Amino acid sequence: MKRTIAVLGGDQRQVCLARLLLEDGQDVVTWGLEQGGGPNPAPLNQALEAELAVLPLPVCRGGKLNLPLTDTELDAEKLWPRLRYNQLLLGGMAGELQPRLMSEFGLTLLDYYDREELQIANAVPTAEGAIQLAMEATDRTIHESSCLVIGYGRIGRLLAGRLRALGARTAVSARRYSDLAWIRAENFQCLRTDALAGALGQFDLILNTVPALILDAGLLGETKETCVILDLASAPGGVDLAAAQRLGRRAIAAPGLPGRTAPRTAAAAIRDSIYHILEERGEPI
């Protein structure tokens, strides 16, 4: 008997995910996606009967299930008692929920976003989306612009390479000695993230990928008035946006770009990770 998969809430990525699963021949119902055109919508009671429940990315915002595509609100603490111990729950950026749901409710929640293959796949639409946003936000070409990428993780690596391919004069900053070595090996201008003071005035475009405050009021004051700053990091972000506004700098918070600029690609990465989880558990796909 085929397993039913319920896709509960989330953004356009989950809408695309439900469609991709249907294309694969899976039995899928959705709830909380009606404003995005989620396929096979079902009442919550029916959706909660599914053997596999796919929760949003992130699972919760402010104690509520992440439901941007519906007018309905659902306190997460009211959802957990309605789920069964023999269901498999898959969610993104679950954090502390995983051990708590097991200890308090006997529920198995696995984090599909915590997998390396998804993180890598997710970096591609993030980098492309950042470049799209930069092109829209600036009044000059990327070609011959002076750009700084802060952080040399998955996103920073892809982003720096793509900026250089477009003809940008590209610098990259990092903290770890291994990352600094790779930046030099790739022949980027190399800066230390903890020693950016005095170096920021040369850049037309700054893209932060580090989810910790990097560009405070002091450093923002060193940037060109025409510099565009994109903060790609998840909360709490790496740019003091209020300070940027006071200083008259154009700083844009842009977390979650895959869901905004390439939801089908992001959904395909989530689907693949779900299949990998099932395969590793020895469950049929």
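The axes of helices H5 (residues 116-137) and H11 (residues 263-280) come within 9 Å and cross at roughly 175°. Axes here are lines fitted to C-alpha atoms, for helices over the stretch in contact, and angles run from 0 to 180 degrees between N-to-C directions. H5 is therefore roughly antiparallel to H11. Angles under 35 degrees count as roughly parallel, over 145 as roughly antiparallel, 65 to 115 as roughly perpendicular and the rest as oblique. Glu117, Leu118, Ala121, Asn122 and Pro125 of H5 touch Thr265, Ala266, Ala269, Ile270, Ser273 and His276 of H11. Contact means heavy atoms within 4.5 Å. These residues divide into 6 nonpolar, 4 polar and 1 charged. Ala, Val, Leu, Ile, Met, Phe, Trp, Tyr, Cys and Pro count as nonpolar, Asp, Glu, Lys and Arg as charged, and the others, Gly among them, as polar.

The model is predicted: local features need pLDDT of at least 70, side-chain atom pairs count only at pLDDT 80 or more, and totals for chains, interfaces and linings use all residues. Residues are numbered from 1 along each chain as its sequence is written, and side-chain values use heavy atoms, with hydrogens and water left out.

H11 also meets helix H1 (residues 12-23). Their axes come within 8 Å and cross at roughly 60°. The pair is therefore oblique. On the H1 side, the contact includes Leu17, Leu20 and Leu21; on the H11 side, it includes Ala267, Ile270 and Ile274. The contact residues comprise 11 nonpolar, 2 polar and 4 charged.

Now the sheet. Six strands form an open sheet with parallel pairing, in the order S10-S9-S8-S11-S12-S13. Two strands pair if DSSP finds at least two bridges between them. S10 (189-192) and S13 (250-253) are the edge strands, each pairing on one side only. From one strand to the next, the twist averages 20°. Between S11 (residues 205-208) and S12 (residues 228-231) there are 4 bridges. Leu207 has Leu230 in S12 as its bridge partner. H5 returns here: this helix packs on the sheet and touches S11, S12 and S13, with its direction at about 150° to that of S12. Helix H7 (residues 177-185) lies across S9 (169-174) and S10, running at about 160° to S10.

Overall, the protein chain has 11 helices and 13 strands. Helices (H or I, at least four residues) and strands (E, at least two) are DSSP runs, numbered from the N terminus. The C-alpha trace spans about 60 × 35 × 35 Å along its principal axes.
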